[in-house]
Amino acid sequence: MRIGSSIFLIALGAILAWAVAPGLIPFVDQALVGYILIAVGVIGLIVSLVLASPGRTRRVSETRSVVDPNTGERITRNESRDGTI
């Protein structure tokens, strides 16, 4: 869940909990559904912010050594890149 969808769930939950007249949807407690959506949105927002923090970057290093068949030289290649989740 990304930050935008978390904010959308919080806004939708707030609308259901506080802005819509009670009893609009029969047999459903709109306020409870709104509070549940707000809670899920807040949890998703916290998780999204923690996972997007700059402290969770990963560095991947890779070393390859090969022998050139024509000259017999050993060639070493080092690659370094940022890892993604």
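The questions and answers below concern a predicted model and its overall form and surface.

This is a predicted model, in which local features need pLDDT of at least 70, side-chain atom pairs count only at pLDDT 80 or more, and totals for chains, interfaces and linings use all residues. Residues are numbered from 1 along each chain as its sequence is written, and side-chain values use heavy atoms, with hydrogens and water left out.

Reader: In what order do the elements of the protein run from the N terminus on?

Author: The protein has two helices and two strands, where helices (H or I, at least four residues) and strands (E, at least two) are DSSP runs numbered from the N terminus. Read from the N terminus, the order is α-α-β-β.

Reader: What radius of gyration does the protein have?

Author: The C-alpha atoms fill a box of roughly 85 × 25 × 15 Å along the principal axes. The radius of gyration is taken over C-alpha atoms, and the globule rule is 2.2 Å times the number of residues to the power 0.38. A compact globule of 85 residues would come near 12 Å, but the protein has 26 Å.

Reader: Is Valine 33 buried, partly exposed or exposed?

Author: Valine 33 lies in helix 2, which spans residues 30-51. Buried means under 20% relative accessible area, exposed over 50%, and partly exposed in between (1.4 Å probe, protein chains only). With a relative accessible area of 33%, Valine 33 is therefore partly exposed.

Reader: What percentage of the residues of the protein count as buried?

Author: By that same cut-off of under 20% relative accessible area, the share of the 85 residues of the protein that count as buried is 13%.
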